[in-house]
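Biologist: I would like to learn how to read a structure like this one feature by feature, beginning with the pairing of charged side chains. Could you give me the general idea each time and then turn to the case at hand?

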Amino acid sequence: MDPFWSFLYQVVNLAFQLYIFMIVARALLSWVGSDRYHPLLRFLYRATDPVLDRLHRLLPLQFGGIDLTPVALLLVLYLLKDLLLTLIAQLARG
């Protein structure tokens, strides 16, 4: 694989993995009632709120006090990541 395509593949993969990690961390922290004013947690909420808020409006997935929106977002992110990485790999082959 050409170094450019390899680099692009790795960057896209890393970006998706980091954002997926942030979504999972936010979901776990919401269960334990953490301090939302901690600088790291404020960053986490600022990075994930825009996407989760839009998804909340499109798919209200709250049942009995449990919000399944992060699960839906994780599914979408994994599918989008697979699609993009497959496209990059095909473009690299020429």
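Modeller: Side chains of opposite charge can pair when their charged atoms come close. In this model, which is predicted, the side chains of Arg26 and Asp49 form a salt bridge, with a distance of 2.4 Å from N to O. Because Arg26 belongs to helix α1 and Asp49 to helix α2, the pair ties together parts that lie 23 residues apart in sequence. A search of the whole structure finds 1 salt bridge.

Biologist: Is Arg26 buried or exposed?

Modeller: Arg26 has a relative accessible area of 16%, and since buried means under 20%, Arg26 counts as buried.

Biologist: At what angle do helices α1 and α2 pack?

Modeller: Two packed helices are described by the angle between their axes and the distance between the axes. Here α1, residues 3-32, and α2, residues 39-58, pack at about 105° with their axes 10 Å apart, which makes α1 roughly perpendicular to α2. Among the residues that make the contact are Tyr19, Met22 and Arg26 of α1, and Leu41, Phe43 and Asp49 of α2. The residues of this contact divide into 12 nonpolar, 2 polar and 2 charged.

Biologist: How many aromatic pairs does the structure hold?

Modeller: A pair of aromatic rings is described by the distance of the centres and the angle of the planes. The structure holds 1 aromatic pair: the ring centres of Phe4 and Trp5 are 5.1 Å apart and the planes stand at 70°, so the pair is edge-to-face.

How values were computed:
Residues are numbered from 1 along each chain as its sequence is written. This is a predicted model: local features need pLDDT of at least 70, side-chain atom pairs count only at pLDDT 80 or more; totals for chains, interfaces and linings use all residues. Side-chain values use heavy atoms; hydrogens and water are left out. Axes are lines fitted to C-alpha atoms, for helices over the stretch in contact, and angles run from 0 to 180 degrees between N-to-C directions. Helices (H or I, at least four residues) and strands (E, at least two) are DSSP runs, numbered from the N terminus. Angles under 35 degrees count as roughly parallel, over 145 as roughly antiparallel, 65 to 115 as roughly perpendicular and the rest as oblique. Contact means heavy atoms within 4.5 Å. Ala, Val, Leu, Ile, Met, Phe, Trp, Tyr, Cys and Pro count as nonpolar, Asp, Glu, Lys and Arg as charged, and the others, Gly among them, as polar. A salt bridge is a side-chain nitrogen of Lys or Arg within 4 Å of a carboxyl oxygen of Asp or Glu. Buried means under 20% relative accessible area, exposed over 50%, partly exposed in between (1.4 Å probe, protein chains only). Rings of Phe, Tyr and Trp (its six-membered ring) pair if their centres lie within 6.5 Å; planes under 30 degrees apart count as stacked, over 60 as edge-to-face and the rest as tilted.
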